Each structure stands twice: as structure tokens, then as C-alpha cells.
Amino acid sequence: MKILVRSENRTIRILFPTGLLLNRLTAFIAVKALKSALSVDLTAGQIVELARAIKAYKRRHKGWELVNITSSNGDIVYIRL
């Protein structure tokens, strides 16, 4: 995952490995957080299946844009999977 935030006087680039974001540990943590905050009935297995689908999509479609925002004063936020 690549994150770019650009303002008038500063540019921030963050490269975040997708494997750290989409794994079993984060799926387990996400399920616990969703169950306590929103009382959603999900299992860790369902989150893992979603992560597998996203990884497969990422392999087929390189550079998938998740967010591309430009503000009126020229600030840019760009997130690409």
C-alpha cells in the first residue's frame, strides 16, 4: 500500500506492506473491535477470506486506487493498494 499526502510545504510518503495489513492477526483484532463497537456478527475466517480476495485483486490489477482526493487549496491525499 502506498500513501501520499502532499500540502503546500510538505510531502509525506508511506510505503506499507500489504502483508502486514491483511493477515490473520489483524483479522482477529478487527473482529474483536467490530463486535465490541458495532455488534457485528463476523468471524475471523470471513475477514481472512476478504483479505485473500483483496490480495488476488491486487495481483491482477496493480496500482488499484483506493483514495484520490484533492482539496480546493491544493492539498492531495492519494492511497493506492
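**A tour from the sheet to the helix pair**

Begin with strand 1 (residues 2–6) and strand 2, which run antiparallel and are joined by five bridges. The model on display is a predicted one. Within this pair, select Arg-6: the residue opposite, in strand 2, is Thr-11.

Four strands form an open sheet in the order 2-1-4-3, and their pairing is antiparallel.

Is Leu-66 buried or partly exposed? Its relative accessibility is 42%, so Leu-66 counts as partly exposed. Leaving aside residues up to four places away in sequence, Leu-66 touches Met-1, Ile-79, Arg-80 and Leu-81. For Ile-79, 13 residues apart from Leu-66 along the chain, the C-alpha separation is 5.5 Å.

Finally, select helix 2 (residues 24–38) together with helix 3 (residues 44–60). Their axes come within 9 Å and cross at roughly 130 degrees, which makes helix 2 oblique to helix 3. The crossing of the two helices is right-handed. To inspect the contact, display Arg-24, Ala-27, Phe-28 and Val-31 on the helix 2 side; these meet Ala-44, Ile-47, Val-48 and Arg-52 of helix 3. Classified by residue type, this contact of helix 2 with helix 3 comprises six nonpolar, no polar and two charged residues.

How values were computed
Residues numbered from 1 in each chain as written. Predicted model: local features only at pLDDT ≥ 70, side-chain atom pairs only at ≥ 80, totals over all residues. Heavy atoms only, no water. Axes fitted to C-alpha atoms, helices over the stretch in contact; angles between N-to-C directions. Parallel < 35°, antiparallel > 145°, perpendicular 65-115°, else oblique. Left-handed = near helix turned anticlockwise from the far one by under 90°. Contact = heavy atoms within 4.5 Å. Nonpolar A, V, L, I, M, F, W, Y, C, P; charged D, E, K, R; others polar. Buried < 20%, exposed > 50% of the residue type's maximum accessible area, 1.4 Å probe, protein only. Pairing = 2+ DSSP bridges.
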